[in-house]
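Take a slow look at the fold before reading on.

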Amino acid sequence: MAKYLVIVESPTKVKTIKKFLGSNYEVAASNGHVRDLPKSQLGVDVENDYEPKYITIRGKGDILASLRKSAKKADKVYLATDPDREGEAISWHLSKALKLDESKMNRITFNEITKNAVKDSLKHARDIDMNLVNAQQTRRILDRMVGYLISPVLWAKVKRGLSAGRVQSVALRIIADREEEINSFIPEEYWTLDADFNIAGEKKPLKAKFYGTDKKKLLLHSEEEVNEILEKLKNAEYQVSDVKKGERVKKAPLPFTTSTLQQEASKVLNFSTQKTMRIAQQLYEGIDIKGSGTVGLITYLRTDSTRISEEADQAARAYVASNYGENYVAEGTTEAKKSAKRIQDAHEAIRPSDITRSPILVKESLSRDQFRLYQLIWKRFTASRMANAVYETTQVKIQAGDYNFHVSASHLSFDGFMSVYVDDSAEKEENNVLLKGIGTDTKLSLKEFHPEQHFTQPPAHYTEAALVKTLEELGIGRPSTYAPTITTIIARRYVAKENKNLYMTELGEVVNSIMKQAFPSIVDVNFTAYLEALLDKVEEGTVKWKTIIRNFYPDLEELVKKADKELEHVKIEDEVTDVICDKCGRNMVIKYGPHGKFLACPGFPECKNTKPYLEKIGVACPKCGKDIVIRKTKKGRKYYGCEDNPECDYMSWQKPSGKLCPKCGSMLVEKGNKLVCSGEACNYVENK
C-alpha cells in the first residue's frame, strides 16, 4: 500500500510523475482549483473585514472525496501544484478542503517534470507559503470586486452580458488609445534621394543615400528642397572621401520568458497567445515520446525571469561545444538585468528540460504545432548559450560639392548563435562585393539620381504580441494573465481580430468610454501597475493583504453609486439589413451568437425566425452578377463565394477587388498592396 500521496493539478502530470516515483507513492490530480468564490454573489464579507467566502467548486465533490480517502491512508501528503502564486493558492485550498493534518502535509515544487527535479523536490519539502497565497487571494478579490460591482452598471446603462475587469478594462483602454492615435494621425511628406554611381571595372552600380553636409544630416521635406539640391549637384565632382571598416557584434538572445515566448510564437508561428500557452502546457506536463514514455519536454511556462540553473547552463554549453565547436560557446553569463522591480525570480526561464533531446529526435511523437513550438523554445535556449554573431562593417562617405552621400554595408563574418536561431532583425547584406575593394582613390561617376516621395505612417494597430509586450513594459498583469485577458476582450466582442491586428468594435468603444468617464482609476495604466507592485509586496511579506482591500473597496463602491446616478443610458441599436423576414415581412437585424453573427427577426419573441448572416463585400460575382459574400470552410478558413451558392460555384481564397483584368478580363484579387489577376494563365499585377 502507498505510504505517500502526491497531489498535482493535472491528470497528465499524474502519468508523467508516477513513473519517477516508486510503489510507495500514489499520485492523484485535483484538476485545478477545488474552491473559489461563489458565482452567485460577491463572495466577500464586506462587513466582516472583507473575509472571502470560499465554496467547493461544482463538480469537484467526487474528486475531493477520493483525495480525502487517499490522504487518510497516507503517512505524508505532498502538495505538488504549480510553482507560482496560483499553484500555492491551490495547495492551500486543498489543505483546507481535505482538512489535512499539518504534521503530515508538505508543499513541494519543481520547475520541470523530470526524474531528478521531482525526486529533488521531495528532499526540499516545506510549509505552504502564505505570502504567495495572500498575493493570489488579493488579486482574486480585487478582480471579483471590479467585475461584480462595475458589470451591473454596464448592464443597466448599455445591455446585459457585458463585463468589466481590472486588467481587461486597462487592456481595452490601451487598444482604444492606439486607435484614437491612428485616427487622428496626419501624414507628413518627406523625400529620400538615392544615387547610383559607376565604378571603373564594375558592372554593378554602387547605391548611396543622401546624408547632408559634413556638419549635419539634412532631412528633405518637399520636392522643392530635393530639386534645389539636385540643381547644386549638376556640375559636382564625386569623390570617396572616407572609408571606415569596423566590426559590429549582435548579441545572443536571452531564453524565453512567458511574454517573449508569446510574442515570438505570434510573429514566427502565427499562434494566438491562448494557443501558445495551451501547447506550452502540454509540452510541460508531458508528451508520450517513443522509447522514453511520458516526458515533460520544457520547464514551467509561466515566468518573467531569464535565469537558468547552473546545471542546465553547463549541460547546454557542453552540448554546444560538442555539436558546434568550442568557439561557439558563449563567454560569461547570459541573463537579463534585474533592475526592473516587477521581475519575479522565483523560477527559471522557459527552456527544454533536456537539451540533448533535440526537436528532430522527438518530431515523430509530437503534433505539428507541438513540434513547431518546442523547436522554437529549443533553438532559442540553445542560442542563448552560444557566442555572439560578428559582422564586418564598411561605411563609405562620398563627397559631392557641399553635400555627402553615405553607403553602409555589413557582412556576417562569424555566425555564432545565428547558426541555430535567426530572428527578424538579421542584417541584410548589400553592396558587399563593391565595397570590398573601395578606397579614397576609387574613381566614381554619377549614373543617375533616384528622388522618392514618402509619407510618415501612423502607429501600427496592436497585435496580440505587441499588446503583451506593452502590458509587460507597463507592469500590468503577470505571465499567467496575458492570454486570458486578450481572450476575454475578443470573446466579449469589445475587440475584433483581423489579420493579426486588434480593432475596437462599436461595443468596445462604448464600454471603454463609460469606464473612462465613470471609473477613471480602474482604467488608469499607472494605478493598475501600482496595484501589481502592491501584490508583489504582499508576496514579499512587506504589505498586509487586507490593507490593500480595505483601501480599494470603499473608493470603488463610491464610484459605482455615482455612476448609477449620473451615467446616461447608451443604446446600441441592432444593425438593420435589407434581408426581409420570410415569416412576417420585417427587415431582419444582425445579432451575435456563440458562433458569430446571424440574422434574426426584430419581432422576437412573436417571430423567432433566424438565418445565417452572409457578409457582402460590395463586389458582384463575375459569373452571375449576384453579391460575393464571405464564407468559411468547415475548418474555419475564410474564403469568398457567390451568395447564390450552390447554384453558382464561384469562389476565391483572395478577396475579389471588383476590377477586371485589362489583359484577360478575369477578376483582380487583393494580395497585400497589389491587385493580381485570378486567371490561371495571366500574370497581370498592378498597385492598389
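A crossing of two helices is called left-handed if the near helix is turned anticlockwise from the far one by less than a right angle, and right-handed if clockwise. Keep that in mind for a pair of helices, H14 and H15, whose crossing is right-handed. Note too that this is a predicted model.

Begin with that pair. H14 covers residues 464–474, and H15 covers residues 482–491. Their axes come within 11 Å and cross at roughly 125°. That angle makes H14 oblique to H15. Which residues of H14 and H15 make the contact? From H14 come Glu-464, Leu-467, Val-468, Leu-471 and Glu-472. From H15 come Tyr-482, Ile-486 and Ile-490.

Now step back to the whole protein. It has 18 helices and 30 strands. Its C-alpha trace spans about 95 × 80 × 55 Å along the principal axes. There are 688 residues, and 48% of them count as buried. Look also at which parts of the chain touch. Among contacts with a separation of 6 or more, 65% are between residues 24 or more positions apart.

Next, turn to the strands. Strand S1 spans residues 4–8. Of its 5 residues, 4 are buried, so S1 is largely enclosed by the rest of the structure. S1 is joined to strand S7 (residues 76–79) by 4 bridges, and these two strands run parallel. Within that pairing, Leu-5 has Val-77 of S7 as its bridge partner. S1 also pairs with strand S2 (residues 25–29), in the parallel sense, over 5 bridges. There, Val-8 stands opposite Ala-29.

Another sheet has antiparallel pairing. This open sheet is formed by 6 strands, in the order S11-S14-S15-S10-S9-S16. Which strands stand at the edges? They are S11 (238–250) and S16 (444–455). Each has a single partner strand, so one side of each is left without a neighbour in the sheet. From one strand to the next, the twist averages 30°.

Follow S16 to its partner. Strand S9 (residues 189–199) is joined to S16 by 11 bridges, and the two run antiparallel. One point to find is Asp-196, which stands opposite Glu-448 in S16. A helix also lies across this part of the sheet. Helix H7 (residues 223–232) lies across S9, S10, S15 and S16. H7 runs at about 25° to S9.

Move on to helix H12, residues 368–384. At 1.5 Å a residue, its 17 residues should span 24 Å. The end C-alpha atoms of H12 are 24 Å apart, which agrees. Is H12 enclosed or open to the outside? In H12, 12 of the 17 residues are buried, so the helix is largely enclosed by the rest of the structure. Among the buried ones are Phe-371, Trp-378, Arg-380 and Phe-381. The buried residues of H12 pack against helices H8, H9, H10 and H11, and against strand S12.

On the H10 side, the contact is made by Ala-312, Ala-316, Tyr-319, Val-320 and Tyr-324. On the H12 side, Trp-378, Phe-381 and Thr-382 take part.

Between H10 and H11 there is a loop, and Ile-350 lies in it. Is Ile-350 buried or exposed? Its relative accessible area is 0%, so Ile-350 is buried. Setting aside neighbours within four places in sequence, Ile-350 is in contact with residues including Pro-255, Leu-261, Tyr-300 and Thr-303. Ile-377 is another of its contacts, and Ile-377 is one of the buried residues of H12. Thr-303 is 47 residues from Ile-350 along the chain, yet their C-alpha atoms are separated by 7.4 Å.

End with helix H16, residues 506–518. H16 has 13 residues. From first C-alpha to last, H16 reaches 18 Å, close to the 18 Å expected at 1.5 Å a residue. Its buried residues include Leu-507, Val-510, Ile-514 and Met-515. What covers the buried residues of H16? The cover includes helices H5, H6 and H18, along with strand S18.

Definitions and conventions: Residues numbered from 1 in each chain as written. Predicted model: local features only at pLDDT ≥ 70, side-chain atom pairs only at ≥ 80, totals over all residues. Heavy atoms only, no water. Expected span 1.5 Å × (residues − 1). Buried < 20%, exposed > 50% of the residue type's maximum accessible area, 1.4 Å probe, protein only. Contact = heavy atoms within 4.5 Å. Pairing = 2+ DSSP bridges. Axes fitted to C-alpha atoms, helices over the stretch in contact; angles between N-to-C directions. Parallel < 35°, antiparallel > 145°, perpendicular 65-115°, else oblique.
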